[in-house]
Number of protein chains: 2
Amino acid sequence: MAEPAKSSPLSELRIALPSLPLRLQEVGRFVAANDYDATTRSMRDLAAEAGADPAAFTRLAKAIGYSGWDQLRAALTEARRPSQISPFSGRAKSRRHGPNADVALVTDKLEAEGAGLLRIPAQPIADAARALHDAKRIWIAGYRSCRSVAELLNYELRLFRPEQVQLVGASGPDDLDLGAFRPGEAVIVIGFLPYTHASVRVAQAAHRAGTALIAIADSLSAPMAEGADHVLLFEAASSPGFFPSLTGAIAIAQSLAAVTFSLGGTTAKKRLETTEARLAAASTYVPEKG
Amino acid sequence: MAEPAKSSPLSELRIALPSLPLRLQEVGRFVAANDYDATTRSMRDLAAEAGADPAAFTRLAKAIGYSGWDQLRAALTEARRPSQISPFSGRAKSRRHGPNADVALVTDKLEAEGAGLLRIPAQPIADAARALHDAKRIWIAGYRSCRSVAELLNYELRLFRPEQVQLVGASGPDDLDLGAFRPGEAVIVIGFLPYTHASVRVAQAAHRAGTALIAIADSLSAPMAEGADHVLLFEAASSPGFFPSLTGAIAIAQSLAAVTFSLGGTTAKKRLETTEARLAAASTYVPEKG
DNA sequence: AAAAGCGTGCAACAAATGTTTCATGGCCGA
DNA sequence: TCGGCCATGAAACATTTGTTGCACGCTTTT
């Protein structure tokens with residue numbers, strides 16, 4: 001007898017299936033087809049939906065080598081558990097050596113980050129942009145490596161809403177700004193693991209002040225996401241390498257700015273044109289060659 | 001306050017969290033961080049692992065508007081259920097107008113940028129990283145929206161080469177730094193159309209001083225790419241929207257830092273560990289929950 | 001200082017869970 | 001046809017589940 005692929009409880013089930021009594025086959029097929037429900041709902045519930053006897057589930061479990069349904073379900077649950085590091089299995093890629101190791105690292109990284117961008121939920125960004133659009137004033141906070149994201153967002157938003165956008169801590173200690181938060185304003189906090197105290201303090205102050213709080217973070221359970229009206233998720237750890245990835249955060253920030261601008265309509269457009277004209281007049285830019 | 005995203009039970013939880021009693025906050029955080037276990041394991045089990053009273057879970061559920069833990073868990077379970085339709089087909093680019101126009105804009109943008117990343121040539125990045133590795137000192141320059149890229153690069157490189165990396169213009173007028181360029185050093189300039197005078201001046205000064213010049217730009221014919229030893233190209237205009245995209249530049253910057261770090265070997269690793277230890281000692285970060 | 005309110009842990013409760021036992025009915029070999 | 005075997009459903013079982021009432025301790029209020 002060939003050794004069966006014992007990796008997943010589901011394959012054990014599938015392999016043992018044909019040699020089982022008729023009724024147990026039915027139940028087994030049902031479990032295989034509805035394994036999510038199998039892990040979350042009760043035996044009796046499943047029995048009712050499958051049109052079978054509850055006892056059949058216990059018997060099925062024992063028939064394929066488990067001590068009972070509880071144990072089978074536990075195995076299914078573990079098999080289904082979302083991996084904590086990377087959602088996709090491609091990470092197992094063996095470390096390449098040789099002269100091209102560096103190039104391989106780069107391509108892997110870029111590939112992973114490109115894929116990570118596609119997994120960013122879009123709806124929350126659109127919602128958050130509307131909140132920004134409605135805000136009388138916008139504060140932006142980000143520390144350490146997230147500072148770059150904060151500054152980019154600050155820069156782009158100020159292009160068309162110059163008087164209403166401000167970086168937290170730009171003109172003095174953070175605390176001065178924290179006390180200035182008011183209802184009707186919006187506060188954007190950017191951060192990922194490990195979270196800085198400063199960013200959490202900003203989020204808490206924003207929440208207390210009754211502002212619309214937007215968190216750009218790597219996890220729903222990030223401390224600065226607590227109490228946030230909008231949480232925009234990206235994958236900081238999605239790519240190989242040693243530093244958390246900011247590509248997703250930047251992409252979110254730029255999308256946010258783009259949609260907010262779009263919501264601003266002709267007013268925003270006019271402001272942007274004014275700003276650009278001023279920059280050009282100051283000859284900030286190198287003139288394009290005709 | 002803006003419309004809270006009430007879609008998922010997790011967001012409801014997050015929003016209500018700050019206004020909850022201390023103990024319930026603990027439990028709520030635990031649930032948010034372990035939502036998979038919350039759907040699969042029993043209340044008492046979770047309580048034991050969270051070090052809390054089982055009753056707290058029931059109370060948490062009631063506090064955020066559910067009739068009991070059972071109902072909250074059911075909601076979490078449904079929210080987690082793998083969607084019957086394919087996960088990414090929702091990313092259809094059909095609607096260009098109407099209520100979903102904003103969402104469409106975001107998805108299009110993310111898609112385009114994700115694709116843009118894959119088109120970034122990897123070899124020049126690896127080469128540039130080697131130049132950085134050999135440099136006695138590294139200068140980084142970026143203006144306007146590129147400032148964020150420059151600062152990120154500065155931040156990450158300083159994590160493992162603190163004394164040798166410096167942002168141009170960080171400690172006074174740019175010109176002081178321009179005069180300090182020396183052979184054997186490396187200068188990174190980031191910029192895209194329209195190009196700022198400042199960045200071009202940095203590039204020229206670097207070239208004159210005989211440093212290794214690395215340009216991160218959107219075109220081979222960018223003025224700061226003239227005379228550059230390494231040109232790292234990305235697509236600034238690849239995505240819809242009104243602002244040039246910085247996602248590619250960020251990805252390049254991070255890859256550059258990663259490879260440079262990798263070239264640094266154990267020395268770089270030790271430095272990074274030292275830096276991280278210092279940051280942790282200064283309690284910059286919020287401690288991870290056990 | 002006393003009282004009122006609230007948050008919290010403990011313990012008892014009823015309901016629901018997984019399991020086992022038992023009786024039934026069909027199947028095959030003698 | 002009979003007798004043993006096994007699959008199957010129903011009911012009874014001990015456990016475990018989610019829930020609730022109660023008492024203790026803390027803070028705030030009068």
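Which residues are the closest to DNA strand C? The legends below take up this point and others. This is a predicted model, where local features need pLDDT of at least 70, side-chain atom pairs count only at pLDDT 80 or more, and totals for chains, interfaces and linings use all residues. Residues are numbered from 1 along each chain as its sequence is written, while chains are lettered from A and ligands numbered from 1 in the order in which they are written.

**View 1. Residues around DNA strand C.** The closest are Met43(A), Gly68(A), Trp69(A), Pro21(B) and Arg23(B).

**View 2. Helices at DNA strand C.** Chain A brings helices H4 (43-50), H5 (54-63) and H6 (69-80), and chain B brings H2 (22-33) and H5 (54-63), each with at least two residues. H5(A) supplies the largest share, four residues. Helices are DSSP runs of H or I, at least four residues, numbered from the N terminus.

**View 3. Chain A against chain B.** Here 74 residues of chain A are in contact with 72 residues of chain B (contact: C-beta atoms, placed from the backbone, within 7 Å). On the chain A side, H7(A) gives the most, with 12 residues. That side holds 37 nonpolar, 23 polar and 14 charged residues.

Notes
Contact = placed C-beta atoms within 7 Å. Nonpolar A, V, L, I, M, F, W, Y, C, P; charged D, E, K, R; others polar. Near = placed C-beta within 6 Å.
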